[in-house]
Each structure stands twice: as structure tokens, then as C-alpha cells.
Amino acid sequence: MLSLYVPGRSVVHRAPAGLKLGLLAALGVGLFLTERPAVVGGALVGALAVGLGAARLPWRALAVQVRPVWLWLALLFVFHLLATDLRTGTVAVLRLLALLVTAAVVTATTRVTALVAVVEWLASPLRVFGVRPARIGLVIAMTLRFIPLVAERAARIREAQAARGAYRLRWGMAVPLLVQVLRMAATVGEALDARGADDAPARRPRARPAVAS
Amino acid sequence: MRWRRRPEAGAEEPAATPGAGIDLRDVGHEYGDRTVLSGVSLTLTERRVGVIGANGSGKSTFARLLNGLVVPTSGSVLVDGLDTRTQVRAVRRRVGFVFQDPDAQIVHPTVAEDLAFGPQNQGVPAEEIARRVEEMLDRYGLAGHRDHPAHLLSGGQKQLLAIAGVLAMRPQRIVFDEPTTLLDLANTRRVARVIDELEQDVVVVTHHLDLLAGFDRVLVVEDGRVAADGTPAETVPWYVARMD
Ligand SMILES: Nc1ncnc2c1ncn2[C@@H]1O[C@H](COP(=O)(O)OP(=O)(O)OP(=O)(O)O)[C@@H](O)[C@H]1O
Ligand SMILES: [Mg+2]
């Protein structure tokens, strides 16, 4: 989720993020209502056609997101062969693949900002209780921003400790990282103040920065 | 998360005196019972003001006072006549702040999103935000990195992004706290040139004395007091001699 967006101008890229997420959710429910291999397989072919054809995504953009779960899919298939039958196993694997590819197409063609805007919109009824949806969006965006940064700092601390002969991963390494992160958090808080985060209107202007792709 | 409703931004813009500068009146600051600044009285109206001094002398505290990130524990700070204690939002719209570590002030995952953040908070209309984002991407050579994750930028590019993010908010003044400390020589020069070309008034805290060459005024902070105040030609050699 950190940098999966592949810039482009296709119809799929330009489709509203809410629509894409809505279709993804509908597909998620729909695929579990059917056991027919043709339907499930058709969904997978459709998702690939939309991603590789209409959206002109490179193979890699989709493969990157499927790769981490290959092993689980294989295990699931074997489990079904042993416990049920070939047909059920095939449907189960194809179903998950279709969902994974569709989700990959959505994340690769939609800016994080646009996805966050949908979350803010979904959270907007909570405004009645005084929740500010823009705040929820900011928290998500900041999480995406700081995960790689903290990972990078952690890697640097490990290098520094390895340079001094500590090769094994030990809990002691968490302490300097925690200190760094807390210190940075204080500055991040100040930066949010300085950049007017607290100034944000209770209702943020609906339109997002219309940054051309 | 706040559970209390806040008034809409820009609802109240208190009467200001544009061009009055930043006025510090017998300002002191204590963290707990530790006095970090005391008896600072001066008015900053110059276009280029530098602040130098040893580690721990109080420079960052001084800088943070100028846009209300820190409020004085005694005395008062007025920005164009606006008190940082009571009118902090209006003050922060006038005075931008750039920190030493750009990583701590880039809060959105990608470059263009981060540039849009400040103006969004100010309630600037979307088309105007888009215009400013384009302008900043162009001006600082970031156009090719529009949708790139900010953490993939070089240190110099990150600092330029941090500066551009503040400029997109159109402040009249910008305070820099050691903007070049983490940069290599080439990037230090680049950022120095960027600061030099700004039309805004600037206050720059730095340990890089050559940044101050064309400045109008330089303050030397020593143990929480302004020990010297004058042109760079007067104060920099005095400071250097004192360090020996
Ligand atoms: N939040 C804080 N709480 C307590 N003490 C603080 C805090 N911030 C700063 N200090 C102390 O106040 C003194 C002045 O700090 P300040 O950061 O203003 O110095 P500085 O001149 O910017 O130093 P440097 O050149 O190292 O950045 C230091 O002794 C510091 O330890
Ligand atoms: Mg400092």
C-alpha cells in the first residue's frame, strides 16, 4: 500500500475512487455467493483484462501484490485436494486470485489521497458525534508516510550496531529506535501546528487537489 | 482526534498592522525551572535576519517564539501587532517555519500531496491549490517526482520539498531553524540560494556562517541572551573571536 500507485490516464485511472472501491467490495461479496468455476474464472480473466488491458498496467504491478500470498494459495489448493475435491480447490484459489488482482488494479490506479478521501466520506456521518473525518484521513496518510521512514531508521540502527559487532537481532535495538521516533514525533507535532493542521476547517473543501497525472 | 467543534478557519482575522515586523518585548522563556531565554527586547523588520550561537544557547527556542510554536513565559511577542499568545492562528498564517530535519515535517506519503497539505488546511480553493502545487513542483525541480513517495527523495530534495510546502501557504515571513545542518556542501549551497531568492522576509538560525554574507542583521545568542546585534560584518567576526 505504500507506493503501489502507477500513474496513468486510462479510464480506470480516471474512474472515481469511490466507484472502484464499491465494485471491489461488491465483487468480494459476489464471488463468495457462487461455486461455479466459470464465473469465478471469468472474474479473474476480467480483472486481468481491466488491469493489463484497459489500465495498461505492467505485469509487475500486479505480480508484486500477488507474490506474497503464492505460498498460501498453494497450501489452500493442496488442503482442498486432500479434504474436498479438485473443483472446490480450484474455485477457492481462483476466487482469491480474482479478488487479489482486482484489489491490485484498484490500488495501482488510484492515488492514496483519493482512497483516503473515500474513507473520509464514509466517516462523514460520524461528524454528528463531533469526529472530524479530515483527521481520520490525515492519520491514514501519515501512517503511510512514516512506516517506510521508521523502517529506514530501524535499518540504520541495526547497521550501526552490526558495525560494533552486535549481529543478532536483540530487543535492546528497540530502545534507540523508540528514542528516535519519540523525538521525531515531537517535531512532527510542531510541524503540523506550523502548517496549520489545527486550522483545518471542520468541513474540508470536498475537491481534492486536482493535480494532473 | 478532537471531539470539540472548532470555529471555521478564517472566520476571524484580527486587525493587524502589516509591515510592523516582529516585536519582542522583554521576552523570557523557561522550561520548568530552567531559564532558556531572558530579557530579549528587539524588533525585526529587516528582510534578512540571521541568528547564531553555541549549542544550547537558546536559538531554536528564540525561533519558535516567532510564530507561536513556543509562547513566552514572560513578556510578549507581537507579529504585525498580533500577539502570539492570543492570536496564534493568524500569526502562523503570516510566519512559516522550516525545521532542521525535513523528514519530520513532510507528513503526506507523496510529494504533490504534501505540497497541498498547508493550503488545504487554510481552506484555499482546490483550483488555487492545484496551481500552487504546480508552481512549487516547477520552481524546485520536483515535477518529475510528483507522485513519488517522499522517502525516496534525496536529503536536499526533501529540504526543498519542506520549504516548498511552507511557501505554498504564502506566508509573509519564514523562519528557518538550521535548514542546512543535515545537508552536504552542494545542497547547502542550493538551499542557501533558494533562501536568498525568496521574496519573503526570512529569519535563519544557522551554524553555517557563510550563509549570512548578504544578510541585513545578525543576532548572536549566548546563554539565553542576545549578546550581539548588528550587521554580519560587525557580529560574525566578534562571534568567531569569542569561540576561540
Ligand atoms: N522542550 C524542552 N524542554 C526542556 N528543555 C528544553 C526544551 N527544549 C530545549 N530545552 C533546553 O533549552 C536550552 C536551549 O535549547 P535550544 O534548543 O533553544 O538551543 P539551540 O541554541 O537551538 O541549540 P542547538 O544549536 O543545539 O540547536 C537547552 O539547554 C535545551 O536543553
Ligand atoms: Mg537548535
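A residue counts as exposed when its relative accessible area is over 50%. The model shown in these views is predicted.

**View 1. A nonpolar patch lies on the surface of chain A.** Four residues form this patch: A:V78, A:L81, A:L82 and A:L86. Together they have about 410 Å² of accessible area. Helix α5 (residues 70–83) of chain A gives the most, with three residues. A:L86 sits in helix α6 (residues 86–109) of chain A. Its relative accessibility is 52%, so A:L86 counts as exposed.

**View 2. A:E152 and A:R156 form a salt bridge.** Side chains of opposite charge can pair when their charged atoms come close. Here the N to O distance is 3.3 Å. Both residues belong to helix α8 (residues 133–163) of chain A. They are four residues apart, so about one helical turn separates them. A:E152 is partly exposed, at 27% relative accessibility. A:R156 is also partly exposed, at 46%.

**View 3. A salt bridge joins B:R64 to B:D177.** Their closest N and O atoms are 3.3 Å apart. The pair links distant parts of the chain, 113 residues apart. B:R64 lies in helix α1 (residues 59–65) of chain B, and B:D177 in strand β7 (residues 173–177) of chain B. Both residues are buried.

**View 4. B:R170 pairs with B:E128 in a salt bridge.** The closest N and O atoms are 3.7 Å apart. B:R170 is in the loop between α5 (155–167) and β7 of chain B, while B:E128 is in helix α4 (residues 126–139) of chain B. Salt bridges that share partners join B:E128, B:R131, B:R132, B:E135, B:R139 and B:R170 into one network. B:R170 is partly exposed, with a relative accessible area of 36%.

Conventions:
Residues are numbered from 1 along each chain as its sequence is written. Chains are lettered from A and ligands numbered from 1 in the order in which they are written. This is a predicted model: local features need pLDDT of at least 70, side-chain atom pairs count only at pLDDT 80 or more; totals for chains, interfaces and linings use all residues. Side-chain values use heavy atoms; hydrogens and water are left out. Patches are made of residues with over 30% relative accessible area and no salt bridge: like charges are joined within 9 Å, nonpolar side chains (Val, Leu, Ile, Met, Phe, Trp, Tyr) within 5 Å. Accessible areas come from the Shrake-Rupley method with a 1.4 Å probe; for residues, only the protein chains shown count as cover. A salt bridge is a side-chain nitrogen of Lys or Arg within 4 Å of a carboxyl oxygen of Asp or Glu. Helices (H or I, at least four residues) and strands (E, at least two) are DSSP runs, numbered from the N terminus. Buried means under 20% relative accessible area, exposed over 50%, partly exposed in between (1.4 Å probe, protein chains only).
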